[in-house]
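Take a look at the structure first, then read on.

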Amino acid sequence: MPPEASPVSQTSATARSRISTLVGAIAPSATLTIDAKARALAAQGVKVVSFGAGEPDFATPDYIVAAAVEAAGKPASHHYTAVAGLPGLREAVAAKTARDSGYPVTPAQVVITNGGKQAIANTFLTLLDPGDEVVVPAPYWVTFPEAIALAGGVPVPISTTVAGGFRMTLEQLEGVLTPRTKAILFVSPSNPTGAMYGRDEVEAIGRFAVERGLWVVTDEMYEHFVYGGRSAPSMPVVVPELAERCVVINAVSKAYAMTGWRVGWLIAPPDVAAAAANLQSHTTSNVSNVSQAAALAALTGGLEFTEMMRAAFDVRRRKMHELLSGIPGVACVEPEGAFYAFPSFEGVLRRDIGGRRPESTLELAEVLLEEAAVAIVPGEAFGAPGYARLSYALGDDALVEGLTRLAEALGG
Ligand code: PLP
């Protein structure tokens, strides 16, 4: 009898965990848990106001949809494209990057991915060896540390606070460096805090990375959603020497209300872009051909629609800030970019809400959903207990209704 067929080895095989250690270690998403509860309540007829959405509430513009319909009718679109994307789309991404950020890149540096999320996963899988450390400013969007860990890397969080405008400092960066530090993750405007870095800060962090030979992975997903006359300078433009160790992440998802189409990209030095495309050739191959046609129409069609959404979000942003700031015990800094507010709810914990006294923001989110039919995303989902994320990418009336309910529930 071969050893693997013996009863002893069968026992040890069954005793082994069914789920791999790597995947078993992924934290369940607190965002999705609240979302599932909110949907279940809505299905029972409860009028839930959800501040949970991480996407614009607008529909994709007609001219983009029309381009997809046209592509769907052409047999050429029914086949694979090159793994790294349609040549015309890679060119359009390069042209758009020069237009919007002033960053000159070639189409060979662009890999079209299934949304920004796959660009992030591809980037860390391509750059990291086991044990390589990546500095991640916290509060963070939960996918970042998970994508780093899945690539064998170690996320090293840097805590930022309301008082510091949720921005990391050079002193903090210096303090977490080790010989294993490979990269810094940079996100401005930030999900979940809405915080942004000024040009001088972008330059200082970029120079710091160049001097220490570190990579920067910079997520520019929310580049157009900036308010109050601010702009979001692109790090490799402010510090051109960084370009050889910089990966830019972006997508059409937020800027054109196209989250469901799943088109994003990474821009990297040519060797890294080629390696990332090689990786993608063994995972998902090309992005849906029809979605790429839609993205091409989006990127070559101007920014009027994006500007319209930005103006609408700006009005809602100010309304949300005003209403949240009016609730005793809630502390909210004015969000500068993206479409999220990230107030502290520390001051309202243990308050009586329908006979319950939530001890944490995780519990508070549950109680608010059950007692006021309002969904917020607890800060625990972003490594920031005591806070919560509220998206203002929802209709004006729903926004006021939801915040009124929230204030009433909190006795404000
Ligand atoms: N990066 C940031 C900062 C995000 O907030 C998101 C989505 O919420 C993504 C990337 C991923 O976007 P998608 O995969 O939908 O393009």
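What follows covers pockets, cavities, cysteines and salt bridges, in that order.

A few ground rules come first. This is a predicted model, in which local features need pLDDT of at least 70, side-chain atom pairs count only at pLDDT 80 or more, and totals for chains, interfaces and linings use all residues. Residues are numbered from 1 along each chain as its sequence is written, and side-chain values use heavy atoms, with hydrogens and water left out.

**Open spaces: the pockets**

Rolling a probe the size of a water molecule over the atoms shows where empty space is left. Here the search runs on a 1 Å grid over the protein atoms alone: a cavity is a set of points where a 1.4 Å probe fits but cannot get out, while a pocket is an open set with protein on both sides within 12 Å along at least five of seven lines. A residue counts as lining if it has an atom within 4 Å of a point. Grid points are joined across faces, edges and corners, and a volume is the space filled by probe spheres set on the points.

Where does the largest pocket lie? It lies between domain 1 (11-59 + 305-409) and domain 2 (78-299), because both give residues to its lining. Those domain bounds come from an automatic or database domain assignment. The largest pocket has 41 lining residues, and Thr31, Leu32, Lys117, Trp141 and Thr143 lie nearest its centre. Helices and strands here are DSSP runs (H or I, at least four residues, for helices; E, at least two, for strands), numbered from the N terminus. Helix α3 (residues 30-43) gives the most to the lining of the largest pocket, with six residues. Elements α6 (115-127) and α7 (143-150) each supply at least two residues of that lining as well.

The second largest pocket has 15 lining residues, with Asp100, Glu223, Ala232, Pro233 and Ser234 nearest its centre.

**Closed spaces: the cavities**

How many cavities of 30 Å³ or more are there? The count comes to two. The largest cavity has 14 lining residues, and the closest to its centre are Pro137, Pro139, Tyr140, Val187 and Ser190. Strands β3 (133-138) and β5 (181-187) are the elements that give two or more residues to this lining.

The second largest cavity is lined by residues including Thr31, Ile34, Asp35 and Ser50. Helix α3 turns up again here, with three residues, the largest share of the lining of the second largest cavity.

The table puts volumes and lining classes together. Ala, Val, Leu, Ile, Met, Phe, Trp, Tyr, Cys and Pro count as nonpolar, Asp, Glu, Lys and Arg as charged, and the others, Gly among them, as polar.

| Space | Volume | Lining residues by class |
|---|---|---|
| Largest pocket | about 1100 Å³ | 22 nonpolar, ten polar, nine charged |
| Second largest pocket | about 230 Å³ | five nonpolar, six polar, four charged |
| Largest cavity | about 110 Å³ | ten nonpolar, four polar, no charged |
| Second largest cavity | about 40 Å³ | four nonpolar, three polar, one charged |

**Cysteines**

A disulfide is a pair of cysteine sulfur atoms within 2.5 Å, and a search of the whole structure finds zero of them.

**Salt bridges**

Side chains of opposite charge can pair when their charged atoms come close. A salt bridge here is a side-chain nitrogen of Lys or Arg within 4 Å of a carboxyl oxygen of Asp or Glu, and the structure holds 24.

Arginine 316 pairs with aspartate 57, their closest N and O atoms being 3.1 Å apart. This pair links distant parts of the chain, 259 residues apart: arginine 316 sits in helix α13 (residues 304-325), and aspartate 57 is in the loop between β1 (49-50) and α4 (62-72). Arginine 316 is buried, at 5%, whereas aspartate 57 is partly exposed, at 39%.

Helix α13 also holds arginine 310 and glutamate 307, three residues apart, about one turn of the helix. Their salt bridge has its closest N and O atoms 2.9 Å apart. Glutamate 359 and arginine 350 meet in another salt bridge, at 3.6 Å from N to O. Salt bridges that share partners also join Lys96, Arg99, Asp100 and Glu223 into one network.

Methods: Buried < 20%, exposed > 50% of the residue type's maximum accessible area, 1.4 Å probe, protein only.
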